[in-house]
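Please open the structure in your viewer and keep the selection panel at hand.

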Amino acid sequence: MKIKLNLDKCIAAGSCVMEAPEIFDQRDEDGVVVLLDSDPASELAPLVRRAAAACPAGVIAIEE
Amino acid sequence: MNPAPTTPGVVIIGASAAGAAAATALRQRGYQDTITMIGDEKHLAYDRPPLSKQLLAGTQDFEFVQLLTESDVTDLDITLRLETRAVGLDIDAHRVELDGGEALHYGKAIIATGVRPRELADVSGIAEAFTLRSFDDALALRDRLTSETRVLVLGAGFIGLEVAATAVRKGCHVDVVEPAPSPLLGKFPAELTERIRRQHEDQGVTFHMERLVRTWNTDSHGSLSSVTLDDGTELAADVAVIGIGTVPNADWLEGSGLLLENGVRCDASGVAGTDVFAIGDVANWFRPHIGTHMRVEHRTSATEQAHVVAAQICGAEVPGTDLPFFWSDQYDAKWQMYGHLHPDSVLEIVVDDPEANRLVATLRRNGALDAVVGLNAAKQLIPYRRQLKNQLHTAG
């Protein structure tokens, strides 16, 4: 699966990090999302989908 | 009454954040029957938090806030009825009554009708007075906020403060009038609201606390020219923004038999009545961790509650509730709060770095952590967020 982020929308809530810390992190200076793995293994798909749904700003788009 | 087949579908009343999340969650969980969604706006579902920020500033447009596109609606097989208003609910007959006389049958109904801004009767005839809730409100107000515009903000809540910050950045002169002694009363720790006020004052905003507007003065063309406060102060004003609170859109349910108390009263899983759920800003859910009902207008709550209800409808395990979270962006300040604010919570500032404009504060009762607040401290809040989340999952 491919993950695309719209960083302009990120409000640094960190919901994605709480759901999938293997895939997402936050920048030190402003907490904006950092993608650790842009093409994760398919077993991680449910985690990534939960992270995308949990994001309060619609930052994460998934192409499966 | 139209004769309609009693298909066991879901009807979602409300096509904004909560409604859109419910439709999406149902399909994600494999729901196969019809999903009908009705909304009274003309736009497809969109996100409201950016309306007082990027939309008002004019740096972004509809695409930035859109939650569902037309192709999403097709892919999710949603029967979407926009500019359609529900006027009644017949629980026994399983029918949603629409404006115009039509009725929709449902197997399950999900109420997601949100809130509307409290209107001020005094300004009903004034074209330059705005509330800010919808995308159309944001566009109309955006076009009025230009350099040197004198803006009167009524209400020092989140809407008022965010509008003030956006307006200042557009070169406006802003006066904020508020009957309470401090901004965000009851919504944010009192010790921190003074910092927020100072951030605005440093940018030239003038606060008139413990004041009301006594008269709205118009010129010979009927346009707003100034306001007179209850202490006699006159403030020039070209535009007014009324941010004095919200009213749940539950009026249409009067007579339905549902309990309408601070919105639609529900149990801990969003059940309002037989085959009827309510989610989002309109919904007043029972909170087992606190022991009372609480209606929460946080953006994250809409999505979370939508998933809880979708799971029930699909007969699946209901996900646990998440940590309450909200944020506010004003100037270069990104404020965030996780957890619950109790009246008895004691605030402790644990990080205070004026150079980085960064702050972290905990809220505790008898040492136990209730909430954490950050200013430009998203990453620094992580350990506290983890602790709060663990507490949530171990609580009874």
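Helices (H or I, at least four residues) and strands (E, at least two) are DSSP runs, numbered from the N terminus. The model is predicted: local features need pLDDT of at least 70, side-chain atom pairs count only at pLDDT 80 or more, and totals for chains, interfaces and linings use all residues. Residues are numbered from 1 along each chain as its sequence is written, chains are lettered from A and ligands numbered from 1 in the order in which they are written, and side-chain values use heavy atoms, with hydrogens and water left out.

Keep chain A selected and show its C-alpha atoms, which fill a box of roughly 30 × 20 × 15 Å along the principal axes. Colouring by accessibility comes next: 47% of the 64 residues of chain A count as buried, that is, under 20% relative accessible area (1.4 Å probe, protein chains only). For contacts (heavy atoms within 4.5 Å), consider chain A pairs with a separation of 6 or more: residues 24 or more positions apart account for 55% of them.

Now move to chain B and select the strands S9, S16, S10, S11 and S12, which form an open, parallel sheet in that order. Its edge strands, S9 (129-130) and S12 (206-209) of chain B, each pair on one side only; pairing requires at least two DSSP bridges between two strands.

Finally, zoom in on S10 (residues 150-154) and S11 (residues 173-178) of chain B, which run parallel and are joined by five bridges. Which residue in S11(B) is the bridge partner of Leu152(B)? Select Asp175(B) to see that partner.

Conventions
Buried < 20%, exposed > 50% of the residue type's maximum accessible area, 1.4 Å probe, protein only.
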